[in-house]
Amino acid sequence: MSINELFDLSGRVALVTGGNGGLGLAMALGLARAGANIAIAARNTNKTKSALSEIRAEGVKAEGIQVDVTQESEIEQMVTQTVNALGRVDILINNAGITMRKEPQDLSADEWDQVLDVNLRAAFLASRAVYSHMKSQGGGKIISIGSMYSIFGGGGSGAPYSSSKGGVVQLSKSLAVAWAKDNIQCNAILPGWFMTDLTAAVPANQPDRYDLICRRIPTGRWGEPEELQGTTVFLSSRASDYVTGAVITVDGGYSVM
Ligand code: NDP
């Protein structure tokens with residue numbers, strides 16, 4: 001097999017939660033450029049519509065699915081809709097995520113649940129929902145998106161966020177062990193700092209923290225969302241068939257300094 005064939009995703013179908021913007025859309029576009037047909041699943045239908053045109057411009061099929069990933073039945077429906085529209089599901093990117101910037105002592109139980117439900121519980125539910133399809137197809141790839149807060153404590157910027165992102169890594173490793181026999185590889189990507197709706201408040205409202213982060217990144221700059229595409233395509237392709245349970249940082253060196 002040639003190196004190009006090893007990374008080729010033609011004929012594959014990828015489902016990206018939170019794929020209508022930010023890092024999710026960048027990853028979806030990377031997968032489309034490698035040939036995969038794409039389903040993006042999120043709540044905001046306007047954002048989804050414009051993301052779909054960008055993805056279709058790459059020459060692949062793309063389906064938008066309206067889903068609130070905190071709802072178990074909607075997650076099941078999201079996977080059914082993907083398979084009905086695009087014929088199969090080979091790749092799942094557990095990407096939908098939210099944060100809650102509050103001191104731990106000020107957090108309500110509901111706020112805690114909100115973050116955990118989107119970031120961790122939904123990743124479990126979506127993985128469970130694709131399992132039987134991937135198994136019957138002979139294999140699949142599940143990529144879960146963690147964070148630098150999978151490694152570091154979040155402090156005032158989010159105890160539930162870092163708890164959920166630590167959980168995402170352990171979930172990914174557990175699925176890797178459980179489903180290796182089914183030829184389903186489960187890996188996690190931990191992005192460093194990338195400018196999206198999620199992080200836009202940092203330079204806007206916390207300039208000192210923004211400067212500190214920039215100084216702490218060995219590469220000296222925040223990442224561009226497109227810089228996640230290489231790792232995403234690798235972990236979605238045959239090139240990673242013997243890679244499972246891995247945790248790959250894409251962070252300009254932030255986590256090693
Ligand atoms: P964005 O806020 O730009 O995107 C978040 C996505 O999640 C949106 O597409 C949103 O779509 C979707 N989403 C949120 N809640 C729900 C829900 N209840 N149901 C369905 N979809 C939902 O953030 P990023 O692109 O930055 O974040 C993507 C992932 O990357 C997250 O998991 C985040 O934690 C992680 N990450 C980001 C980093 C960064 O620097 N930006 C760094 C490390 C990790 P909609 O609103 O339409 O539902």
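How many of the eight residues of helix 9 (residues 229–236) are buried? The structure examined is a predicted model, in which local features need pLDDT of at least 70 and side-chain atom pairs count only at pLDDT 80 or more, while totals for chains, interfaces and linings use all residues. Residues are numbered from 1 along each chain as its sequence is written, and side-chain values use heavy atoms, with hydrogens and water left out.

The secondary structure of the chain consists of nine helices and seven strands; helices (H or I, at least four residues) and strands (E, at least two) are DSSP runs, numbered from the N terminus. Along the principal axes, the C-alpha atoms fill a box of roughly 50 × 40 × 40 Å. Of the 257 residues, 51% count as buried, a term meaning under 20% relative accessible area, with exposed over 50% and partly exposed in between (1.4 Å probe, protein chains only). Among contacts (heavy atoms within 4.5 Å) with a separation of 6 or more, residues 24 or more positions apart account for 73%.

Helix 9 is mostly covered, and six of its eight residues are buried. These residues are Gln229, Thr231, Thr232, Val233, Leu235 and Ser236. The buried residues of this helix pack against several elements, including helix 1 (3–7), helix 2 (22–33) and strand 7 (247–250).

A nonpolar core is a set of buried Ala, Val, Leu, Ile, Met, Phe, Trp, Tyr and Cys residues joined through side-chain atoms within 4.5 Å. In the largest such core, of 31 residues, Leu15, Ile75, Met78 and Ile142 touch the most other members. Elements that each supply at least two residues of this core include strand 1 (13–17), helix 4 (72–86) and helix 6 (159–179). The largest share, nine residues, comes from helix 5. Apart from this core lies another, of 29 residues, among them Leu23, Met27, Ala36 and Phe194.

Helix 5 (residues 109–137) also holds Ser127. This serine is buried, with a relative accessible area of 0%. Not counting residues up to four places away in sequence, Ser127 touches Leu92, Asn94, Ile142, Leu175 and Trp179. With the sequence neighbours likewise left out up to four places, the contacts of Ile142 include Ser127, Val130, Met134 and Cys186.
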